[in-house]
Amino acid sequence: MNTPVIQEIEVKNILSKSNLPVCEYSVNPYVGCTHGCKYCYASFMKRFTGHAEPWGTFIDVKYWPEIKNPKKYAGKELFIGSVTDPYLPQEETYERTRALLMQLKGSGAKISIATKSDLILRDLNLIKTFPEARVSWSVNTLDEDFKSDMDSAVSVDRRLAAMEAFYREGIRTTCFVSPIFPGITDIKAIIQRVKKQCNLIWLENLNLRGSYKTVILAYIQSKYPHLLPLYQEIFHDGNRNYWEMLDEQVKAYAAEIGLDYVTNDDSISRPFDAPPVVVNYFYHSEIKKSAKKGGENNA
């Protein structure tokens, strides 16, 4: 990957009120990203950044006035990394995520952090001071070659090692299996790998839209040509049968190995030592509606 374009910017506030169901505030210490994920859902943000560079090749480093009254966020849910990974390689130099955590330390804020990095290990002890802290890592494959085809973030092994380190320290961890690539992502293998080092396993399907739809389909045609008819069926014809089938398979597997399997429910009220819950986010209402409609048509 070429050297990213980096600029430092000043912003009035680092915390933004959020409409996301998982938090009250979204926090992104950086704009843009340098992981270069081919399937990046956040690439639409480029419409608002004013950058001419392609998404994945630039990053803005944010500087903000120090948070004056951090205790106002006591008990509030803050999601760090809703759009941009807060532990990009550049964080090692600029330390903006660490600055944010230092300003919020002792505030009583409930933080959730999403990353693809193991740089977060640097801040483990700091994150540990926050009540009910949650950290998630995106892991949608155990195949390092496929991972490298999709992004330039750290290896899967490094992500899983970081996840385990946090879990061993009593910090709630999530394995975010997203996006699931039909015929490629081995969900059962990932669950088997992480079931003793996380509290939640989230499953989210690949949802191709925007400019990267063409990119991903071209990649499938080149590297996995035998899967192209399946991808065309799902992403051109809108057929949900694959996700319905996968739902049933994973539900059965979870039951087989003694894990709870739920839909659209990320409740984390279970004891820390309890086995992880597998949470299905396959746009389930659409799947069920589609399946029902198909059943009516075939009646």
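In what order do the 3 strands of the open sheet stand? The order is β1-β5-β4, with mixed pairing, where strands are DSSP runs of E of at least two residues, numbered from the N terminus, and two strands pair if DSSP finds at least two bridges between them. Because β1 (5-10) and β4 (30-33) stand at the edges, each with a single partner strand, one side of each is left without a neighbour in the sheet. Neighbouring strands of this sheet are turned by 15° against each other on average, direction ignored. The model is predicted, with local features requiring pLDDT of at least 70 and side-chain atom pairs counting only at pLDDT 80 or more, while totals for chains, interfaces and linings use all residues. Residues are numbered from 1 along each chain as its sequence is written, and side-chain values use heavy atoms, with hydrogens and water left out.

Within the sheet, β4 pairs with β5 (residues 58-63) in the antiparallel sense over 4 bridges, and Gly32 stands opposite Ile59 in β5. Elsewhere, β3 (residues 25-27) runs parallel to β6 (residues 77-80), joined by 3 bridges, with Phe79 in β6 as the bridge partner of Ser26. Phe79 also has Ser112 in β7 as a bridge partner, and β6 and β7 (residues 110-115) run parallel, joined by 4 bridges.

Turning to the helices (DSSP runs of H or I, at least four residues), the axes of α8 (residues 212-223) and α9 (residues 228-235), lines fitted to C-alpha atoms over the stretch in contact, come within 9 Å and cross at roughly 155°. That makes α8 roughly antiparallel to α9, a term for angles over 145 degrees on a scale from 0 to 180 degrees between N-to-C directions. In their contact (heavy atoms within 4.5 Å), Lys213, Leu217, Ile220 and Gln221 in α8 meet Leu228, Tyr231 and Phe235 in α9.

Key
Parallel < 35°, antiparallel > 145°, perpendicular 65-115°, else oblique.
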